[in-house]
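Dear colleague,

Here is the structure I said I would pass on. My notes on it follow below.

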Amino acid sequence: MKIYIPIFAVTFSILLLVPGLLPAQGSRPQYLPNTLIIKYEDQQTLGTLRQKSGTEPKDKIHKFLNRFGATHPRPIWEQSQFHFRKNKAGTGFSNNSEVEKAAAGLQRIYSVRYAADIDPAWLAAKVSRLEGVEYAEPRYLRFTQHIPDEEFRNPYEEYHHFYDAWEVTQGSPDVVIAIIDSGVDYNHSDLDEKLWENEDEIAGDNIDNDGNGFVDDVIGWDFWAGGTLSGDVTEDNDPMMDANDHGTHVAGIAAAETDNGLGLAGAGYKARYMAVKAGGVPADPEAIAFGFEGILYAASNGADVINCSWGGYGSSEAEKEVIEYATRLGAVVVGAAGNEGNAEVIYPAGYNDVVSVGSVEPGTDRRSGYSNYGLGLDVLATGSGIQSTVGNNGFGVKSGTSMSTPVVSGLAALLRARHPGWSARRIAQQIRVSSDRIDMGILLGRGKINASTAVSSNFPGIEVDRVGFVNEIGQKLGFDEPGRMEITLVNYGASTSNLEMNAASLSGDGIQLREPTRSLGSISTDDTVRVTVPLQISSSFNLEQVPTFVLEFEDSSNGYEDFDVVRYGDLLYDTMAENRVKISISADGTIGFTDPLSQEGGVGFIPRDEVNGQYVERNNLLFEGGLMLQVNRTMHDAVRTADGAVSRDFNPQSTVRLDSLAAEADLKGHTHFTTDTVNNRSAHIELTTYAFRRPNLSNTVLMLYQIRNPSSYLELEEVYAGLFNDWDIGEEAGNNGISYSPQDSILYIYDEGPESTQPFVAVASLGPTSSVFAIDNAASGRGANFGIYDGFTDDEKKYALSAGTEHTSVSGADASAVVASGPYTVGANATVRVGFVYAFGDNLDELRSQIQAARAQKPFQVSGKGRVQSAQPPQVTDFFQNYPNPFNGSTRLRLDLAEKSHVNISIYNILGQKVGELVDSELGARIHIFHFDAQDLSSGIYFARLQTESRSTTIKLVLVR
């Protein structure tokens, strides 16, 4: 079971409200510095790469990469290395041409080193947008998952019923478990007879006899034999353990020799192991840096099971693709869930094609405290106090999900021997559904493995293949509208005859499922079926959750029970597409994409042409956009941070609602979000968007931000509101320019190519402007010349919001811009209205014309800079207790004045002596806030007396030093 997210799903972290489930803390992914993994779209693109290193690149991709000091790309897997040791029955490929096609896709994955100081995740996201690139990502680091332990016991044989399973099958030496790890001491007396050997290779002749791309790989391969990740890594044909005996310990659990009167019995009994070293060097003994290569080697050379007792955070498209390929070749991939004790399964265990394994304690049937858990977990096996082989021909004890994983790998090997025609996915499902349920329900997967049941039964294996959430006319499902969950199921196991499915919400109130139970009857092996479940999500639903559903499956005819979990992750945004602009807006303050790093959760900013009454889309021009709001010198924003993440400072209060019947515009959008409270101050923001079809406004979308101060006493001071946008215009995203037109205060961005046909774009203020600020993203200066490749700090954001026209030009750059309004002081219960317009033009004159029309015809009023008071006068005059009270040094007093009057407010001590006067003048009908500074007064009780033309009121003040 894995969590399935629908098309256009958002990938950023939001609390998933399954009881007791919280997101992991400190679970930031780690990856190699200055390294990218790039998959190119086609062989034509690759043709431009096959030139000598050091020559001027001919393609735009590597001209762009050269800006960052990139070296010549290297494939992660050479064409000659796609060698297939044997064709297993039950693979996911129908013929060799399919294998070759899939292999050709993997041959388009390259590794690139670069020199610039930019976070790999952000550079990868930029490169992903270039024409000819299928995806780009960092090269994620993974780490072994063991915990030192001194307790000598080895409970998995009896606890998981391996003794009974071995009575049914003892496996086969023809079944091979690949140990992708830190190397294996294959000379160990309990491992030496079980080592896989490449019978088609001749040792020591320095020839690749079997043509698999590896010379003299008689006993496996070492992908990190020496060197450091910041320099040159060497590899060789000796997978002997180096600085870490983790792999040796794992190999023993999976495949140690049996019936030899020594050590332990491997869970796979007669199965052999393949030693593949992917890390574990002295410089970093825990790191696994070459998991891709290790998995590909193992699968291509005939491994039936691939054990990955390592992992880390951060999902990798390349890693997922490699694992899918290995699975379709017939290898069952098994991965460790992680040892942080949190509710987030690490990768690669978190991928759909990996059996994810946590740890359980035999004495209590409870999850081991160190074991990760959650909705991404499949099964549990004991990993505590496992005695196995270690270096120097010894035996030692280790604990962790690293030790649980080879127990399951051994079971997979037994199933492969018993059912050689089963696919890898069927074996994986059989392991899962034959497990025994334990406490904590779905957060611990299907439960603890039962080897005896697994090898003695034949269950169905239902899995969600695809899910979507749509309304009654097939569009994206929003709040308060009837809709449905569309689910495609696939059965990887035995045929069902009486299958039922029941859907239930895991997300609390606000979700109504109608007819949640479905009778599905018979589904044959490898068949699919489509199921719909009517549902409606109420506007009362808490948007700090992600709508999450559990699908429970049961077939009473054979005792089959299982479940899967799906999430509706794209609820927060919607897309304006009423005129020549297509742009996404969100309830979390982002513009274009809710997750710019993955370019998901929206569409960006897309110009469109109207042809024969239909809109034809051009390329997306916006990489990242979002609101930046400064309140009392505190930044709240929805753009990138100083440490490579994206700020999530705004709390959604409603989804985006689009109204095509609004009087003010052809399409109107609305959403609402808030800031956290900082120093007793917060802000409530309502965003309203407007799109028009009439020609003079057809290239624009107008945005009104109404920023309300909910406090009854405290003012919001030094308020600046601005929009940050990182633009990528044209095929060479790093060749953009920014210029400023002072006569109409427009900061515009364009492609500087000599024959460019790309549009000009801008975000312009519809009111007072505090800043029009141009950013060269790659710059490394200070002050106005800062760049953001090294992150975007709060101080830099504050600078950009109030910079005036200090920095309004960049050239030949990967460019961003900030346009802002302010400063404002927002009084108690008052609202400041700030307006902007997104626009494009096929030339600068058209861009100017569209923005001028937006400024002239905007359907709303904006606030002037300075102090903004509540627009509605109070209905009654009232004098409120001061805040805070008691106070130390200073306090505030609020007067609601229902009509214009002469007002006097004076301060008296307990003896009746006047010690201060706050006001003595005529005041207008509105809310007034007064500051009383008592720095020169001693502790004690004071009185504030209000005197107007119609009333007199006194309140008591308590000054405490």
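Surface patch and interior

Ile910, Leu911 and Ile941 make up a nonpolar patch on the surface, and their accessible area together is about 320 Å². Please keep in mind that the model is predicted. Ile910 sits in the loop that links strand 55 (901–909) and strand 56 (914–923). Its relative accessibility is 60%, and exposed means over 50%, so Ile910 counts as exposed. In soluble globular proteins, nonpolar side chains tend to be buried together.

As for the interior, 61% of the 961 residues count as buried. The largest nonpolar core contains 51 residues, and Phe605, Tyr705 and Trp727 have the most contacts inside it. Leaving aside residues up to four places away in sequence, Phe605 touches a set of residues that includes Val581, Ile583, Leu621, Leu622, Trp727, Val761, Tyr838 and Phe840.

On the overall fold, the protein has 14 helices and 59 strands. Its C-alpha trace spans about 105 × 70 × 55 Å along the principal axes. Among contacts with a separation of 6 or more, 71% are between residues 24 or more positions apart. The accessible surface comes to about 35,500 Å², and carbon and sulfur atoms account for 44% of that surface.

Regards

Definitions and conventions. Residues are numbered from 1 along each chain as its sequence is written. This is a predicted model: local features need pLDDT of at least 70, side-chain atom pairs count only at pLDDT 80 or more; totals for chains, interfaces and linings use all residues. Side-chain values use heavy atoms; hydrogens and water are left out. Patches are made of residues with over 30% relative accessible area and no salt bridge: like charges are joined within 9 Å, nonpolar side chains (Val, Leu, Ile, Met, Phe, Trp, Tyr) within 5 Å. Accessible areas come from the Shrake-Rupley method with a 1.4 Å probe; for residues, only the protein chains shown count as cover. A salt bridge is a side-chain nitrogen of Lys or Arg within 4 Å of a carboxyl oxygen of Asp or Glu. Helices (H or I, at least four residues) and strands (E, at least two) are DSSP runs, numbered from the N terminus. Buried means under 20% relative accessible area, exposed over 50%, partly exposed in between (1.4 Å probe, protein chains only). Contact means heavy atoms within 4.5 Å. A nonpolar core is a set of buried Ala, Val, Leu, Ile, Met, Phe, Trp, Tyr and Cys residues joined through side-chain atoms within 4.5 Å.
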